Amino acid sequence: MSAIQFDADLIRRYDTAGPRYTSYPTAVAFGPFTEDEYKAHAYMSNEDPIPLPLSLYFHVPFCDTVCFYCACNKIVTKDHSKAETYLQYLFREIEMQAKLYDRDRTVEQLHWGGGTPTFLSHAEMRALMEKTREHFSLHITDEGDYSIEIDPRSVTPETIGVLREIGFNRFSLGVQDVDERVQIAVNRIQPIAQTLSIIEACRAQGAKSISVDLIYGLPFQTMESFRQTLDTIIEMSPDRISVFNYAHMPTLFKPQRRINEADLPSPETKLQIMQLAVEHLTAAGYEYIGMDHFAKPDDELAIAQRQGTLHRNFQGYTTHADCDLVAMGVSSISSVAESYSQNAKTLEEYYAALDAGRLPVIKGLTLDDDDVLRRYIIQQLACHFTLNFNQVERLFSLTFADYFSRELALLQPMVGDNLLQWTTTGIDVTPRGRFLIRNICMVFDASMRKHSVQQRFSRVI
């Protein structure tokens, strides 16, 4: 499944703005959505003859320092007492959320994101996991998929021991670039030795999976400097590597205003860096999973893709397709029983709702039949690079050619460009088309056409 061909001319022609499809419809389509609507979907999720297991997400918004490229929902502060207050409110939300779900629904997947989750002290980390275990049914053994995002600058090997002890078995490390000039330009000084010591600590603690995040398109990056970054990370041998496109949108994200646009690599250099990353990582034995993600052949993501069970959600690619996602903390997004719901985006709103005894849900949507259908199609394409029309017809009781006549017409130029191939049962994405999978998914995105929000998304490349 990992075969990929890089065609620079083709990529230039298709380089437009578009979603990353961690959901369909995407968050920009969310509208007014009440606590009562969310609760109704939560109760509905318990009523299935075999209720789905749960996936829990906790958002910890604090960061000690600001990385200028960052587009996450975060609060930059050196005042660690803010975390203590935040946890008191998060514990309230945990208690309220847990009452909505049957206790026999096992938590198969758990993730702490941010911000910087490792902003929390060791005692706070233990307390948060203890509170979670008190109110939800977590695995006692190591069989759950329990992951955390780590800033290597904010932890020690001792911290990794604490995280492993409380149940985490997957660790995602932010690196972005190892070149010192690039690090200075984005305000993220992170020596190689520091990153390596944390990766080694994860291994020593028996981590199931270690992943590293890189970004291309940052100030002062060149082909040679990024080759050095890739070589350095490949030598560290993480199980997964993500190489994200830096989207410079300073009007939307204030920290990016501190990046000098003149220092950014040209579009042509950026394209060359991306090609280098693809060729370098695949030559090193990593398989291209899709949308900037690479994994070793024996990693669970690569195995799931080969077996046709890979899934994509708000945390990216995952092996846990059949879970209701309950997200807690400021700005977090849940996906429960054909609905999406997002919490308040500011601490003030988040705290005020919980002080009033309400869940802090502020917006979301209920998926209609067309949304569910299109979500399935986009999932199949994004995760498996193939779409079986006959299977869609069986699952959704429709005639594909009639329902998607507009989309089939839009796919024709992509067939002409050898991004796709018609098969006897549907379409297959070619090795040339895999890096442009977002463009192919966008053909089936009725929500984006409806809301005219293309300018809100990053560019595909």
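Which element supplies the largest share of the lining of the second largest pocket? The close-ups below take up this point and others in a predicted model.

**View 1. The second largest pocket and its lining.** Helix α12 gives the largest share of the lining, 7 residues. The pocket holds about 750 Å³ of space. At least two lining residues come from each of α2 (35-46), β13 (311-313), β15 (324-328), α12 (369-384) and α13 (389-396). By class, the lining divides into 16 nonpolar, 14 polar and 6 charged residues.

**View 2. Packing of helix α4 against helix α5.** Helix α4 spans residues 122-135, and helix α5 spans residues 157-166. Their axes lie 10 Å apart, at an angle of about 10 degrees. Angles under 35 degrees count as roughly parallel, so α4 and α5 are roughly parallel to each other. From α4, the contact uses His122, Met125, Arg126, Met129 and Arg133. From α5, Glu158, Thr159, Val162, Leu163, Glu165 and Ile166 take part. The residues of this contact comprise 5 nonpolar, 2 polar and 4 charged.

**View 3. Strand β18 and its pairing with β1 and β17.** Strand β18 covers residues 361-366. Strand β1 (residues 31-32) pairs with β18 in the antiparallel sense, over 2 bridges. Here Gly31 has Gly364 of β18 as its bridge partner. Strand β17 (residues 339-343) also pairs with β18 in the antiparallel sense, over 5 bridges. In β18, Leu365 stands opposite Tyr340.

How values were computed:
Residues are numbered from 1 along each chain as its sequence is written. This is a predicted model: local features need pLDDT of at least 70, side-chain atom pairs count only at pLDDT 80 or more; totals for chains, interfaces and linings use all residues. Side-chain values use heavy atoms; hydrogens and water are left out. Axes are lines fitted to C-alpha atoms, for helices over the stretch in contact, and angles run from 0 to 180 degrees between N-to-C directions. Helices (H or I, at least four residues) and strands (E, at least two) are DSSP runs, numbered from the N terminus. Angles under 35 degrees count as roughly parallel, over 145 as roughly antiparallel, 65 to 115 as roughly perpendicular and the rest as oblique. Contact means heavy atoms within 4.5 Å. Ala, Val, Leu, Ile, Met, Phe, Trp, Tyr, Cys and Pro count as nonpolar, Asp, Glu, Lys and Arg as charged, and the others, Gly among them, as polar. On a 1 Å grid over the protein atoms alone, a cavity is a set of points where a 1.4 Å probe fits but cannot get out, and a pocket is an open set with protein on both sides within 12 Å along at least five of seven lines; lining residues have an atom within 4 Å of a point. Grid points are joined across faces, edges and corners, and a volume is the space filled by probe spheres set on the points. Two strands pair if DSSP finds at least two bridges between them.
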